[in-house]
Amino acid sequence: MMVSPPAASLSRECVDPAPRVSVLMPVFCQAAFVRRAVESLLAQSFQAWELLIVDDGSPGEIAGLVAPYLADRRIQYERLTRNGGLGAALNYGLDRARAPLVAYLPADDVYYEEHLASLVLCLDRKPDAVLAYSGVRHHYNRAAECLAPGEPLQLVQVLHRRTDDRWTERYELVTDDLDRLFWDRLRGRGACVGTGRISCEWVDHPHQHHKLIRRGINRYREHYGVTDPIRFRSTTGLHIDEIDRYRRFRERPDTPPAAGGLTILLVGELAYNPERVLALEERGHRLYGLWMPEPEGLNTVGPLPFGHVRDLPRAHWREEIRRLKPDIIYALLNWQAVPFAHEVMRSAQGVPFVWHFKEGPFICLEKGTWGRLVDLHSRSDGCIYSSPEQCAWFATAIPAAADSVRTLVLDGDLPKRDWFDAPRSRRLSEIDGELHTVIPGRPIGLHVHLVAELAALGVHLHFYGESMHHDWAEWIPRAQAIAPNHLHLHAQVAQDGWVSEFSKYDAGWLHFFESENGGDLRRANWDDLNYPARLATFAAAGLPVLQRDNPGAIVATQALARDLDIGVFVTDMEETATHLRDEPAMERLRDNAWRQRDLFTFDHHADRLVDFFRDVIAGSGR
């Protein structure tokens with residue numbers, strides 16, 4: 001029944017005698033759920049429990065919502081001063097738990113009436129067991145007697161004996177893998193047994209902890225207000241160690257301001273290779289950030305793990321821009337940043353505004369933001385396009401902008417030069433006499449039958465990136481079944497390993513597609529206009545690029561690779577093998593790629609970009 005006594009103090013001097021079960025309730029920004037969860041505990045048939053509510057620094061109303069329940073001596077509430085992450089909140093609770101058994105009730109989940117009773121009985125009957133688990137209802141109307149499909153045991157399902165083990169905390173690792181965080185430690189101490197009863201609900205909603213992690217490191221960072229670099233490992237395959245990767249940048253002092261240096265406000269998101277902007281800071285320009293809300297995937301936003309960029313608070317950002325008085329606003333980079341960049345442009349308050357667009361305009365058409373994208377290209381003081389072909393496409397779609405807006409062509413997510421400073425490795429083909437090609441990303445256009453054809457010709461395909469393996473989970477076994485010895489899966493390689501790892505291969509695959517534009521720019525799609533991010537990855541290693549030959553079509557990567565003489569253009573797999581076996585020709589391409597790889601660093605273009613900013617500032621008359 002509903003508890004509604006007068007509000008109690010949030011701290012008590014006396015508690016009931018030691019209970020049999022300590023129930024830990026971690027809560028962060030879940031005010032709408034918490035009362036339902038507490039009520040489900042109060043309704044348990046088993047009543048020998050204590051509840052430790054650990055508020056992990058929520059900015060909202062948790063304290064006021066739980067206050068009425070504190071008249072029940074079994075319930076305690078503790079608020080941490082800042083969010084420390086799930087592991088820290090649970091360890092705080094474990095350190096204060098008094099009972100020999102520990103259960104978990106996340107604030108957004110629900111117990112059914114016999115839940116604790118059935119779990120306690122399960123452990124009483126199995127004295128050698130360390131952990132008991134119930135069945136669980138999930139995704140509103142589905143149920144499982146053990147695990148939800150594809151998921152580990154959830155907190156709400158588990159009761160375990162209290163041990164000295166503790167949860168992995170955020171400073172060690174962020175992951176949605178509860179086995180890695182804690183359950184595996186308990187399994188090392190004894191058996192795990194199931195009740196076979198559906199006695200709780202793992203409530204499905206968009207802001208569940210595991211969903212935030214799977215939406216990407218930057219979505220997690222923003223939701224929990226994380227300001228420090230972290231080690232991050234999603235079960236969907238995104239692995240990144242910000243602590244080690246960015247240490248070299250984070251630990252160096254700020255560059256003193258240069259005479260005449262600019263104050264640059266970055267707006268939106270930085271996508272891939274975000275540390276590239278430090279090339280501007282290293283030239284004595286001051287960098288500030290104002291980031292789009294709710295970033296997804298790899299849409300990098302601040303606080304940036306490499307430092308040297310000061311964030312403006314999103315609250316009252318208009319007033320913050322007036323206070324900062326930047327010389328220029330540099331808004332970027334993809335379709336998801338369009339609404340926020342457009343809002344900032346309309347409120348730029350006389351500050352010159354540059355819009356840099358990397359993604360395909362076709363997504364904005366699909367998502368309903370085309371009008372705002374047109375505004376950005378028409379009303380900005382300067383526009384930057386990722387390829388000449390993209391620039392030309394926009395001139396056909398928004399012709400007025402071509403006459404009134406200053407333009408520059410610069411790929412949007414080029415890496416920083418620092419990652420290129422490493423020696424090449426010996427090629428695998430020099431060791432085993434076979435041909436080895438590589439894909440660090442999606443194997444777009446390499447259908448299963450083409451992988452089989454490559455294998456029959458003695459050409460190996462090395463596929464990198466756990467997140468890509470997750471996304472291509474159906475493609476991989478089919479390809480392995482018909483090319484078992486020629487498809488190789490590898491873990492993701494960070495920027496500091498690009499040169500040593502990818503220089504082992506003979507060539508790297510770009511997106512393998514057949515263009516349908518026939519030389520008509522209005523028929524071009526994003527594959528035709530785009531420079532894929534892997535282009536710079538290959539350049540770092542001095543690797544020739546493989547792509548389908550599209551004579552007579554407008555294809556940005558093909559034009560660039562032909563101009564620099566770094567590409568292998570083919571129409572079928574037999575032609576691919578023939579080209580790769582032409583060692584003199586391949587050696588020429590490798591030499592060209594290695595010699596020109598600086599063109600694929602952001603540092604190489606940083607001065608040109610600053611010159612463009614200065615031209616925009618002068619031309620704006622502001």
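E294 sits in the loop between strand 14 and strand 15, where helices (H or I, at least four residues) and strands (E, at least two) are DSSP runs numbered from the N terminus. Before we go on, note that this is a predicted model, in which local features need pLDDT of at least 70, side-chain atom pairs count only at pLDDT 80 or more, and totals for chains, interfaces and linings use all residues. Residues are numbered from 1 along each chain as its sequence is written, and side-chain values use heavy atoms, with hydrogens and water left out.

Back to the backbone of E294: phi is positive here, at about 50 degrees, although the residue is not a glycine. With 46% relative accessibility, E294 counts as partly exposed; buried means under 20% relative accessible area, exposed over 50%, and partly exposed lies in between (1.4 Å probe, protein chains only).

Another cis peptide bond runs from L332 to L333, with omega near 20 degrees. L333 belongs to strand 16 (residues 328-333).

Apart from its neighbours within four places in sequence, D413 is in contact with Y272, N273, R276, L333, K358 and A533, contact meaning heavy atoms within 4.5 Å. D413 is buried, with a relative accessible area of 6%. From D413 to A271 the C-alpha to C-alpha distance is 6.9 Å, while 142 residues separate them in sequence.

Now for the sheets. Strands of a sheet pair through backbone hydrogen bonds, either parallel or antiparallel. Two strands count as paired if DSSP finds at least two bridges between them. Which residue is the bridge partner of V102 in strand 8? That partner is H160, and strand 4 (residues 101-104) and strand 8 (residues 158-161) pair in the antiparallel sense over three bridges. H160 also stands opposite L131, and strand 6 (residues 129-138) pairs with strand 8 in the antiparallel sense over three bridges.

Elsewhere, an open sheet of three strands has the order 9-11-12, with mixed pairing. Its edge strands, each pairing on one side only, are strand 9 (174-175) and strand 12 (239-241). Strand 9 and strand 11 (residues 231-233) run parallel and are joined by two bridges, with F232 in strand 11 as the bridge partner of V174.

Our last stop is an open sheet of six strands, with parallel pairing and the order 22-21-20-23-24-25. Strand 22 (487-490) and strand 25 (567-570) are the edge strands, each pairing on one side only. On average, neighbouring strands of this sheet are turned by 30 degrees against each other, direction ignored; axes are lines fitted to C-alpha atoms, for helices over the stretch in contact, and angles run from 0 to 180 degrees between N-to-C directions. Strand 24 (residues 545-548) pairs with strand 25 in the parallel sense over four bridges, and R548 has V570 in strand 25 as its bridge partner. Across strand 24 and strand 25 lies helix 24 (residues 556-564), running at about 135 degrees to strand 24.
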